[in-house]
Amino acid sequence: MKQTIKLISVLILAVFILLPQAVIASEEKSDLNYMAIGDSLAEGLSFDGMNFINGYPDQINNQLVEKLPYLNINYTNAGVSGYTTNQVLSQVMSDDDVRKALQEADIITISAGANDLLQVVDMEKLMNGSSEDQLEVIKAAEAAINGVVVNLGSIIGEINQVNPEASIFVMGYYNAMPYLVDMQDLVIQLIAGLNQGIKAAAETGAYYVPIFDVFHGNYEEYLPNPENIHPNEAGYKAIADVFLNYIVADLGEGHWVYSNNKPDDKADIGASYYVHVTTLDIYEKVKGKWELVGNYKEGTGAIDELSLLYGNGIPPKDAGYIGQYYLDVENKYLYLKHKEGWLGEVNLVNEEPIDDPVYDEEPVDHEQVIVNNEAVEAVKKDGVLRIDFKEALKVSEVTLSAEQVKMLQEKRAVLAINKEDVALTIPSGLLGDGTEAVTITVTDQGYTPDSLSKVYDFTIQIGEKYLRQFNEHEVTLYFKVDEAKVKNTENLKVYFFNEETEEWVVIGGSYMDGAVVAATSHFSKFTVFEMEEEEIIDEVKEEEPKAESEENGTGKADDVKNAGKKSDEEKKNKGTGKLKTNAEEKEESALASTKQGGKQLPETATNMYNWIFAGSILLLTGGVMLIVSRRKAVY
């Protein structure tokens, strides 16, 4: 007994001796407070629907502890299975413990909104009900999504009110019902609508964290139970990894700090590099400690094994590697090499942003759009995938993966591509066999003399090959015209440029609502001209000789020969030649265009849906006229 008491006394003494040291050690670290709120995904409900496993907040916490060992990570999880956005809002507004944790939090993650939708969506009615039943469910789903937007906006607003310094991250949802094969179109549309609502709410003061694409194609790996919507630990980890990309970026991991003071290990959470703006010493944070790695004034040291570049003035255009830094020592301007070239980072003296360096040769005016799988999956059968280019740039380019092309072709979908003043609709069946990626480029080449629209060059690249001639499909073109310069809208036609004869050749078209619409079976350069009255008369006269030549087998060669003549003035002005109206010239130019080498494709955007829909109706009703006009060969 005495021996036992003695042992207990020793243990108590050891605790008292060691406890202060532990407290002192913990006080040397700064605190980082992380809190999770939301539904069963936040709580970590397992795919069996009964047990709880390491949910995405648990895995975020574990990785923060691992990635930031120099910080004390304090973790609170207030997620509750089954909670709707209304219940989470009530929790945020009235639960004292939750409000206290929110006030102290540095990072807050939210997953809420799916239960709002699940409560109103009657899957039995959707799968087996009448069209009226299905419409009723869809209307209820729309109302639920609107409620999610309002409630999430209130949750974010209240958190920002009680803790304006916190960073809030709101999760979009994955497809939780991928095994309902016959219902995928509707399920994906509902999830897309929900995610759009969540994203809209997040824009009021939070980061939106998209998850849909992470689960797409990995459902068996992340959602092993077809009868349950919850992921396994691998699925939760995939969600956590996406959150961490946003969280680490928000903390400033990999960023620079600039000061005249010595770096403080406990300050500047997440920063990786430190510049003393007077001495130009460079520090790197290693395991939570700042270490001197070089000096810009002396040109010594390296960062991430890349030497420190420096000089007076902007960095040489071709110098350095991606991720390498350059210091303009004279002005103390710091630059970073990106994929697109050198970009300005900061003025070390006042910590203000600086402009990107300007070289004699300006970079290509280029916009590139990458289509995500969520947008493609939301397209209905026989539907339209709309792609809007956001900038009025010279080159606009959109890329579709082989998988996306295959999905569009299975749905018999159409691509509607819109730029500032031009649009085109492309049948997905034209885009190869679905085994190769496709890039579609629209290049703005400005105006040519007498044209009423800009000249655009269109190209389609399938894998490594360029598609110039279409045999089984046609592309519809829509050109916005300068109506102030138009004399007679009935005379507006779309032309393509024959590179071989250096002349513009008419392909036809109809005017509607400020645009000229025409179909083409090949790609080259296109624009809009207004046919002169003399050209129209000549065009009519061409029909009779053509008929005679077909009957007696004569006259056709002379027609082609005469149609191809050019004046000396036309030869001087390549690309601005006579407007051709001969059918044979059209055929020759189409063949010539197929011989031209492919060009790199661009992307762009514009608000031209009214042209597309109106033009489609026009082309549909005028299809017979278009076929007859082609057979007459008056072009």
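Which residues does Y456 touch, not counting residues up to four places away in sequence? The contacts of Y456 are K419, D421, V422, V442, T443, D444, F479, S524, K525 and F526, where contact means heavy atoms within 4.5 Å. Y456 sits in strand β22. With 1% relative accessibility, Y456 counts as buried (buried means under 20% relative accessible area, exposed over 50%, partly exposed in between, with a 1.4 Å probe and protein chains only). Q445 is 11 residues away from Y456 along the chain, and their C-alpha atoms are separated by 5.7 Å.

A word on what you're looking at. This is a predicted model, in which local features need pLDDT of at least 70 and side-chain atom pairs count only at pLDDT 80 or more, while totals for chains, interfaces and linings use all residues. Residues are numbered from 1 along each chain as its sequence is written, and side-chain values use heavy atoms, with hydrogens and water left out.

Now step back to the whole chain. The protein chain has 20 helices and 30 strands; these are DSSP runs numbered from the N terminus, H or I of at least four residues for helices and E of at least two for strands. Of its 635 residues, 47% count as buried. Take the contacts in the chain with a separation of 6 or more: 66% of them are between residues 24 or more positions apart.

Next, the cores. A nonpolar core is a set of buried Ala, Val, Leu, Ile, Met, Phe, Trp, Tyr and Cys residues joined through side-chain atoms within 4.5 Å. The largest one has 71 residues, and Y56 and I110 have the most contacts inside it. Leave aside the neighbours of I110 within four places in sequence, and I110 is in contact with I37, Y56, L152, I155, I159, I168, F169, V170, M171 and F243. Apart from this core lies another, of 44 residues, with L424, I460, F496 and A518 among them.

On to helix packing. Two packed helices are described by the angle between their axes and the distance between the axes. Here the axes are lines fitted to C-alpha atoms, for helices over the stretch in contact, and angles run from 0 to 180 degrees between N-to-C directions. Helix α4 (residues 85-94) packs against helix α8 (residues 131-162) at about 20 degrees, with the axes 9 Å apart. That makes α4 roughly parallel to α8 (under 35 degrees is roughly parallel, over 145 roughly antiparallel, 65 to 115 roughly perpendicular and the rest oblique). On the α4 side, T85, N86, V88, L89, V92 and M93 meet a set in α8 that includes L152, I155 and I159. The residues of this contact divide into 8 nonpolar, 5 polar and 1 charged (Ala, Val, Leu, Ile, Met, Phe, Trp, Tyr, Cys and Pro count as nonpolar, Asp, Glu, Lys and Arg as charged, and the others, Gly among them, as polar).

Helix α4 also meets helix α5 (residues 96-104): their axes come within 6 Å and cross at roughly 80 degrees. The two are therefore roughly perpendicular to each other.

Most residues other than glycine have a negative phi. R412 has a positive phi of about 55 degrees although it is not a glycine, and R412 lies in the loop between α14 (402-410) and β19 (414-418). At 48% relative accessibility, R412 counts as partly exposed. D450 has a positive phi too, near 75 degrees, and D450 is in the loop between β21 (438-444) and β22 (456-462). At 69% relative accessibility, D450 counts as exposed.
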